[in-house]
Amino acid sequence: MRTRFFLILILLLAFILRFYKLGQVPISLEWDEVALGYDAYSILQTGKDQFGKLLPLTFRSLDDYKPPIYEYATVPAVAFFGLNEFGVRFPSALFGTLTVFLTFLLVKLIFEQSPKFKFRADFIALIAAFLLGISPWHLQFSRAAFEVNLSVFITVAAVTAFLAGLKNHKFFLLSSFLFGLDL
């Protein structure tokens, strides 16, 4: 019961740190965020990216190519919040907060395997979640539209599902899907 209470507090802190003034801090969108937001808006309106490709698997953006998962994850946020800083950055902040929760689950699964640390697994997992929740590195990438943040979420989810699969084989299918998606 106390573990759940502290986990909720940690997740609330992570949420606040990632969402407070998300549309104003950092001050403005950088050019990759602008291109990402415009592509999401264009997909929402026409089903095509800014270069006229119908539902592309890679997005051309300022003479480089972006993976599609974050682009498509931004479409519902832009539809709901509008084409603005908050709408473009929302998926990153959301997946950053969810990564804090998944980190708790991952660390708990790891330390429950060890008889030496089994009774402390919840405590160690809470510390790991808290440290990720306040990590400047993770906060920086959670408050801007960067694909790397979604990739970290998928990786942590895949490893967590794999370790859960050691207890219940049904999770191996989810793990393999997430590892493939992460590529």
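Ala, Val, Leu, Ile, Met, Phe, Trp, Tyr, Cys and Pro count here as nonpolar, Asp, Glu, Lys and Arg as charged, and the others, Gly among them, as polar. The model is predicted, so local features need pLDDT of at least 70 and side-chain atom pairs count only at pLDDT 80 or more, while totals for chains, interfaces and linings use all residues. Residues are numbered from 1 along each chain as its sequence is written, and side-chain values use heavy atoms, with hydrogens and water left out.

By class, eight nonpolar, one polar and two charged residues line the largest pocket. A pocket is an open set of points on a 1 Å grid over the protein atoms alone, where a 1.4 Å probe fits, with protein on both sides within 12 Å along at least five of seven lines; lining residues have an atom within 4 Å of a point. The lining includes P67, Y70, E147, S151, I154 and D182. Four of the lining residues come from α7, the largest share; helices are DSSP runs of H or I, at least four residues, numbered from the N terminus.

I154 also belongs to the largest nonpolar core, where Y70, L102, L150, F153, I154 and L178 touch the most other members of the 17. Such a core is a set of buried Ala, Val, Leu, Ile, Met, Phe, Trp, Tyr and Cys residues joined through side-chain atoms within 4.5 Å, buried being under 20% relative accessible area with a 1.4 Å probe and protein chains only. α7 gives this core eight residues, the most of any element. Apart from it lies another core, of eleven residues, including V100 and A128.

Definitions and conventions:
Buried < 20%, exposed > 50% of the residue type's maximum accessible area, 1.4 Å probe, protein only. Helix = DSSP H or I, 4+ residues; strand = E, 2+ residues; numbered from the N terminus.
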